[in-house]
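Welcome! Let's take a short tour of this protein chain, one part at a time.

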Amino acid sequence: MTGIGRRTVLAGLAAAALPRPALAQGAGGRVVVIGGGFGGSTAARVLHRAGLEVTLVEPAETYYACPFSNEVIAGLRPMSAQAFGYEGLRASGVTIAQTRAEAVDGAARTVRLADGRTLDYDRLILSPGIALRFDALPGYDAAAAEVMPHAWKAGAQTELLARQLAALPEGGTVVLSVPGNPYRCPPGPYERASLIAHYLKTRKPRSKLIVLDAKDTFSKQKLFEQAWKALYPGTLEYVPLAAGGQVTSVDSGAMSVATDFETYKADLACIIPPQRAAPIASAAGVADRSGWCPIDPVTFESRLVPRIHVVGDAAIAGAMPKSAFSANAQAKVCADAVIDLLAGRAPATPKLINTCYSLVAPGYGISVAGVYHPDKGVLADVEGAGGTSPVDAPDPVRRQEATYAEDWYRTITSAVFG
């Protein structure tokens, strides 16, 4: 990897602990944060440390992390390792409204909650995550997802897919459908494919995985394909867009997945549908026709509604991918910008880092890293920074990357939820 070392990556996670200058006397300090994932929880911590009055709105009592959830599906990790409560945030002094945000009035600067309360704000930060577009793929709706899981929101769906994989008959066929861009965690489907193939190879060797992709290119492609060729020949079949990989419909009753060229019969099907920002983004008026949220790359303020900021998967962040690392980094930058704006200061122009690790087998890790900065109104790659794991690296390097991935997960979850 060029440009970014492991120490830089892990040190970047601690950046939010640095104190910000005090707010100007008399400056408004009420901030509401919607969404208690990697982005929202990080923003709430940073804002509280700066002395602002901050309320985090999150209906769930437990957050289930998506990073490493593919290991749960493959029987390599317990679901409990993905579960995080909000006791740490409460202990730090953050106020948590354990309910759902139902409406946002950008003109009145209020948030209406499902429990009947209304919260006033001077600045609002949305980190709501994604919604699955059940209207985008014929035959695939919420009921079908209980038969053909997406498992693209960690939790019950993760456990469902893990149970289905464990119950797969020997010699059975697994079909995994991958959507077109953009979607949460670009390398995630290919890590999932790798770990399902590992499961099949080691536990049900006469079974097969077919990956149907709506794209011809994807993140870390050379690294994944190299690993598939070495580890999973005869087990994993990859069908790109050019070869008819785009899924056009599914039938959960018949357990069939159709493309323009062929209909595949599955014993187990994992369908990852197209996505958009979670519904509260549209309710707040910050999502455009694409279903995602255009933002200013310096402050993450919405381009559609003033004083509302959007971070994480819901944001249109230019070259910066939708990932937990990105959400955490964006939340720090956004929170610092909110602190400056409320104090009457001009926010600094940021540089942001994203690193994404993937496991293709136990002890076999690969990664991609990038550095981003505002350029012509969007977040763009910093030329010459970042990079991927070396192709043809020896086994010790792959094992080291797998260890780095575990280190990153422990570090970020401790910093965000601990």
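## About the model

This is a predicted model, in which local features need pLDDT of at least 70 and side-chain atom pairs need 80 or more, while totals for chains, interfaces and linings use all residues. Residues are numbered from 1 along each chain, and side-chain values use heavy atoms, without hydrogens or water.

## Two domains

An automatic or database assignment sets the domain bounds: domain 1 covers 30-59 + 99-129 + 278-346, and domain 2 covers 142-271. Their centres, taken over C-alpha atoms, lie 33 Å apart.

## Where they meet

Each domain brings 5 residues to the contact, meaning heavy atoms within 4.5 Å. Together the domains bury about 390 Å², 60% of it on carbon and sulfur atoms; this is the accessible area (1.4 Å probe) lost on being put together, summed over both. On the domain 1 side, Trp292, Asp313 and Lys322 supply 80% of the buried area.

Asp313 also forms a salt bridge with Arg184 (2.6 Å, N to O). The rule, a side-chain nitrogen of Lys or Arg within 4 Å of a carboxyl oxygen of Asp or Glu, finds 1 salt bridge across this interface.

Notes
Buried area = accessible area lost by both parts, 1.4 Å probe.
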